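The entries follow in the order I made them.

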Amino acid sequence: MFPGDCNIRAQRKYFGTDGIRGKVGEAPITPDFIMKLGWAAGRVLAQRGHGPVLIGKDTRISGYMFESALEAGLSAAGVDIRLLGPMPTPGIAYLTRHSSAQAGIVISASHNPYYDNGIKFFCAQGRKLPDELEQAIERELDRPLHIAHAGKLGKARRITDAPRRYINFCKGRIGADADLSGLYIIVDCAHGAAYRIAPKVFAELGARVEVIGAEPDGLNINAGYGATRPAALCRAVLERQADLGIALDGDADRLIMVDHSGAIVDGDEVLYLIAKSITRARRKVLGGGVVGTQMSNLGLEQAIEGMNLGFHRARVGDRYVMEMLLQNDLILGGESSGHIINLNMTSTGDGIISALQVLEAIVSVGESLHSLKSGMHKYPQQRLNIELDEPVDLAEHPGLSELVRAAEEDLGAAGRVLLRPSGTEPVLRLMVEGDDEQQVDALVHGLAQEIQSSLRAWQ
């Protein structure tokens, strides 16, 4: 268990580790609240700067409703709006940073199903809002809504060239001599925000591209496809004998890959491959270290240290990876889930750009993805989600810490157990890692049952 995880950002009324998220129609993910959130954010932003606020969304059906609600709230606060339509989250961050916008808003619940949705913000630098701005928005939410004078209401217009601007940006992130024409790639878009953009990026760089998970209907985002459900991509790569597969999640800030053998290449391995590629020629660019999280595989830590680089573990969440990168003047970090941040490339985690970095390494070295990833030995690791009826503060359950410690003693020096509440869903996330696969498998299921029994007894 990671000290402090259960209390992190506990003082927030609405904001979690990745904006505000929940089930559509249940507080706070309701049209009236989202309209007031737009107003509150507009009020706070208007006190600190000028310029419009960008609004983008993924493909879930509720995005239409919340786009209109945010537009109304921002206009009521006297802030101009620019509507981007369906766009990957990192694309919205890029456009926020490279325009006159003072902020960007993303309507998305990322990898969650269609009946969830959420709101997250980017500041003018294309990064998540600082804590003090989130706190200011929460204070404003508790005040009565006052509409700006009719002559000062915000205006809205749609930006039609947003996808092409982001496609060109992505293509420019790899070297001009990186020719992908020898690669046959299957791209899984999770029926999400990148369903039009991602295939064009890889195809325009020369790759032969086939696409799955690119028929959004508002209800099928992340359903059976994408970075959190890569089985369909594994099958497609094998059946079509492709060189590799690329899986994005619903808002395209995560990347999971599949090699030609149908094996999954997770975020830890992607992070290793990018670090290895950079150190081949430009070791100093990494600033002496790479950032992972408490969930990162021990094999990644050993592989990074084998490059004579430091390995730093942040709390789980790309927000905390970013914080550690900035605090330590580093540029590369990521999560096992596939959030990869390379600050020399862009300002936030970006699934398409992370994939491009791996593809550039493949063509420059002339080896397959399967071969390149073999330089990192992964320790057996099992994860389970323990569903909750209501949020649980681990600090109020010391017996759970005892269960974790006992399991770690069973695993020995090479073993780790992590138990933490999700920042985006009503679940506890359990991870067990060790050097014996059978022992790890038995422990994770046994420990999950003990935790559930302990919680039931407490209730």
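Entry 1, cysteines. How far is the sulfur of Cys-234 from the closest cysteine sulfur, and in which residue does that sulfur lie? I note before answering that the model is predicted. I found 16 Å, with the closest sulfur in Cys-189, so the pair is too far apart for a bond. I then looked up Cys-189, whose closest cysteine sulfur is in Cys-170, at 12 Å, again too far for a bond. The cut-off I applied is 2.5 Å between sulfur atoms. By this rule I count 0 disulfides. I also checked accessibility: Cys-189 counts as buried because its relative accessibility is 0%. Cys-234 is at 13% and therefore counts as buried too, the limit being 20%.

I looked up the largest nonpolar core and found 77 residues in it. Phe-202, Ile-246, Met-257, Leu-332, Ile-352, Leu-356 and Leu-359 have the most contacts inside this core. There is a second, separate core of 33 residues, and I noted Ile-29, Ala-41, Val-44 and Ile-105 among its members. As background, nonpolar side chains in soluble globular proteins tend to be buried together.

I then took Ile-246 and listed what it touches, leaving out residues up to four places away in sequence. Among its contacts are Ile-185, Ile-186, Val-187 and Asp-188. The list also includes Phe-202, Leu-233, Met-257 and Leu-359.

I went on to β7, residues 184-188, and found 5 of its 5 residues buried. Which residues point one way from β7, and which the other? Tyr-184, Ile-186 and Asp-188 point one way, while Ile-185 and Val-187 point the other way. In a regular strand the side chains alternate between the two faces of the sheet.

I looked up the pairing next. β7 runs parallel to β8 (residues 208-212), with 5 bridges between them, and parallel to β9 (residues 244-248), with 4 bridges. Ile-186 has a bridge partner in each: Glu-210 in β8 and Gly-245 in β9. Helix α6, residues 197-204, makes a right-handed β-α-β unit with β7 and β8.

I found an open sheet of 3 strands in the order β16-β18-β17, with antiparallel pairing. Its edge strands are β16 (381-387) and β17 (416-421), each of which pairs on one side only. I recorded an average twist of 15° from one strand to the next. Between β17 and β18 (residues 427-433) I counted 6 bridges. Arg-416 stands opposite Glu-433 in β18. Helix α13 (residues 398-411) packs on the sheet and touches β17 and β18. The direction of α13 makes about 155° with that of β17.

I ended with Asp-116, which lies in strand β5, residues 116-123.

Notes
Residues are numbered from 1 along each chain as its sequence is written. This is a predicted model: local features need pLDDT of at least 70, side-chain atom pairs count only at pLDDT 80 or more; totals for chains, interfaces and linings use all residues. Side-chain values use heavy atoms; hydrogens and water are left out. A nonpolar core is a set of buried Ala, Val, Leu, Ile, Met, Phe, Trp, Tyr and Cys residues joined through side-chain atoms within 4.5 Å. Buried means under 20% relative accessible area, exposed over 50%, partly exposed in between (1.4 Å probe, protein chains only). Contact means heavy atoms within 4.5 Å. Helices (H or I, at least four residues) and strands (E, at least two) are DSSP runs, numbered from the N terminus. Two strands pair if DSSP finds at least two bridges between them. A crossover is right-handed if, with the strands pointing away from the viewer, the path from the first strand over the helix to the second runs clockwise. Axes are lines fitted to C-alpha atoms, for helices over the stretch in contact, and angles run from 0 to 180 degrees between N-to-C directions.
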